[in-house]
Amino acid sequence: MSRLVRVEARGLPEVLEILRHMGPASLVMDVEPLVVSWNSPPSRVNDAMLLISNEIRRNVGSVQAIVFATNSRRFRAVLREDPSPVVLVQRAGKPWRRKYAQHLPRPMVVIGDQIFTDGLLAVRLGASFVHVDAGVAMPAWPRVQRLLGRSIQHVIFGSDPSNA
């Protein structure tokens with residue numbers, strides 16, 4: 001079995017640079033805190049996702065589809081299908097549910113701040129994983145998830161966090 005690719009990033013500019021080198025056809029991107037902060041009003045998510053998806057399209061020409069996935073159910077968004085599909089999946093059930101991403105074109109990259117949810121989703125999808133340090137304070141449950149993720153990261157990805 002080949003080792004899965006995990007790359008560390010800090011912020012959107014670094015993520016875009018990594019994606020330019022990886023050349024993915026599709027992305028699954030965590031919503032909180034990468035698109036909006038945990039305490040942002042739900043009304044901000046649509047504009048934020050469109051802004052980020054447009055930035056991705058401008059900088060990463062290979063991307064055909066973008067799925068924003070969140071385990072939260074507090075967001076409501078209607079996104080356009082042109083020029084490439086942009087979809088919000090609420091109550092995504094990361095990492096256990098993956099049906100919403102199985103049909104996406106390959107190669108695929110999962111982008112998120114949690115190894116325990118986003119990293120395991122990447123493993124289950126056979127996708128690369130860009131692990132983003134959001135650099136923000138976390139609510140209690142995401143802090144627990146971060147500890148769980150740290151405890152399993154070497155088993156899943158090996159000892160080198162940038163094994164791309």
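**Chat about buried rings and charged pairs**

Guide: Both F129 and F157 are buried, where buried means under 20% relative accessible area, exposed over 50% and partly exposed in between, with a 1.4 Å probe and protein chains only. This is a predicted model, in which local features need pLDDT of at least 70 and side-chain atom pairs count only at pLDDT 80 or more, while totals for chains, interfaces and linings use all residues. Residues are numbered from 1 along each chain as its sequence is written, and side-chain values use heavy atoms, with hydrogens and water left out.

Visitor: How do F129 and F157 pair up, then?

Guide: They form a stacked aromatic pair, 5.8 Å centre to centre with 20 degrees between the planes; rings of Phe, Tyr and Trp (its six-membered ring) pair if their centres lie within 6.5 Å, and planes under 30 degrees apart count as stacked, over 60 as edge-to-face and the rest as tilted.

Visitor: OK, new topic: how many salt bridges are there?

Guide: The structure holds six salt bridges, each being a side-chain nitrogen of Lys or Arg within 4 Å of a carboxyl oxygen of Asp or Glu. One of them joins D30 and K94, whose closest N and O atoms are 2.8 Å apart.

Visitor: And is D30 buried or exposed?

Guide: D30 is buried, because its relative accessible area is 6%, and K94 counts as buried too, at 7% relative accessibility. Salt bridges that share partners join D30, K94 and D118 into one network.

Visitor: What else does V35 touch, besides its neighbours within four places in sequence?

Guide: V35 is in contact (heavy atoms within 4.5 Å) with D30, A48, M49, I52 and F68, leaving those neighbours aside.
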